Amino acid sequence: MSTPTGPASGLPVRMPRPRQSGRHRRPEPVAAPDGAPALVLAVPGTPSAAVRGLADELVSIARSELPGLEAGIGFLEGDDQYPSLQAVLAGAAALRTERYELAKSLGREVSEPEGPVAVVVPLLAGPDSALIARIGEAVEAGGAAAELTDVLGPHPLLAEGLHVRLSEAGLARADRARLFTVATAADGIILGTVGGEEAVQAAGITGMLLAARLALPVMAAALDQEGSVAAIAEQLRAAGSTQLALAPYLVGPELPEGLLDAALKEADCATAEPLGSYPAIGKLVLSKYTTALGITPQPQGTPAR
């Protein structure tokens, strides 16, 4: 129980930490600029409560990295329960106009809003021309000035996420510097993606980074091209790999139902989970947004100079 003057006797009292001085002090985090466009996450695939939860978690990560960030989630296949990308962009435009009119009515000196109302970040690890075209069409249909960024990969943080997902499934060592064995560890990795040949080439770049982390052969295959996974599995086995694993180079929502199961039958191997809400995905989403605006959030714990 607390008293008017503080916690009851015997309970710890949390005092504010004094601000450190010197070059190693913790810097104040960079906040989103006033009037900055909203970050809108464009989510492909069929909406569901699980997909919404994943998107919410990624947006929460982005907000924690950039205080004051306004963010929304728009579904490519939105419905009454899950707002469409067009509806979210239209709402962002209406909100900007409402704030401008309110400021004018209060007698404040404000200039008319300029620039995009939102920066749209596709929730895609790699390029998928069909999905990107549909997202672009939805942005135009939203009737608001919005900037569409590139997809999240290739990027070293995606290789890190793939490594973690493989280790969680018992298919790779969590840290190859530690001298212990994993009985089910794979000796060859198939990097599964969707989006055709362009997606396979982009996944191959991240695959090289993953291969360096694991010291194992990694080859990319298209889950949505018949025979692609089986062909890559055959190449890896011909090169000496006997225990294969499939690592989905996917966030998750963009993966059509049943496609991963079919690929696993082709390759006859185990699989890790998609990248999902791995924290690095949220940071990459924010990175696309801040790059578009030309701002750089200060990572927490980075020494000030």
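Which helices and strands do the buried residues of α4 pack against? They pack against β7 (188–193), α5 (196–214), β9 (244–248) and α8 (279–293), and the sections below set this helix within the rest of the protein.

## The model as a whole

This is a predicted model, in which local features need pLDDT of at least 70 and side-chain atom pairs count only at pLDDT 80 or more, while totals for chains, interfaces and linings use all residues. Residues are numbered from 1 along each chain as its sequence is written, and side-chain values use heavy atoms, with hydrogens and water left out.

The protein has 8 helices and 10 strands, where helices (H or I, at least four residues) and strands (E, at least two) are DSSP runs numbered from the N terminus. Of its 305 residues, 44% count as buried; buried means under 20% relative accessible area, exposed over 50%, and partly exposed in between, with a 1.4 Å probe and protein chains only. Among contacts (heavy atoms within 4.5 Å) between residues at least 6 apart in sequence, 76% join residues at least 24 apart.

## Helix α4

Helix α4 covers residues 156–168, and at 1.5 Å a residue its 13 residues should span 18 Å, which agrees with the 19 Å between its end C-alpha atoms; the expected span is 1.5 Å times one less than the number of residues. The buried residues of α4 are Leu 158, Ala 159, Gly 161, Leu 162, His 163, Arg 165 and Leu 166. The helix is followed by Gly 170, whose phi is positive, near 75°.

## Salt bridges

The structure holds 3 salt bridges, each being a side-chain nitrogen of Lys or Arg within 4 Å of a carboxyl oxygen of Asp or Glu. One of them joins Arg 165 to Glu 168, with the closest N and O atoms 2.9 Å apart, and both residues lie in α4, 3 residues apart, about one turn of the helix. Arg 165 counts as buried because its relative accessibility is 13%, whereas Glu 168, at 54%, counts as exposed.

Asp 56 forms a salt bridge with Arg 52 at 3.1 Å between the closest N and O atoms, and these two residues lie 4 residues apart in helix α1 (residues 49–65). Arg 134 and Glu 77 also meet in a salt bridge, at 3.8 Å from N to O. This pair links distant parts of the chain, 57 residues apart, since Arg 134 lies in helix α3 (residues 129–141) and Glu 77 in the loop between β4 (71–75) and α2 (85–105). Arg 134 is partly exposed at 36% relative accessibility, and Glu 77 is partly exposed at 35%.
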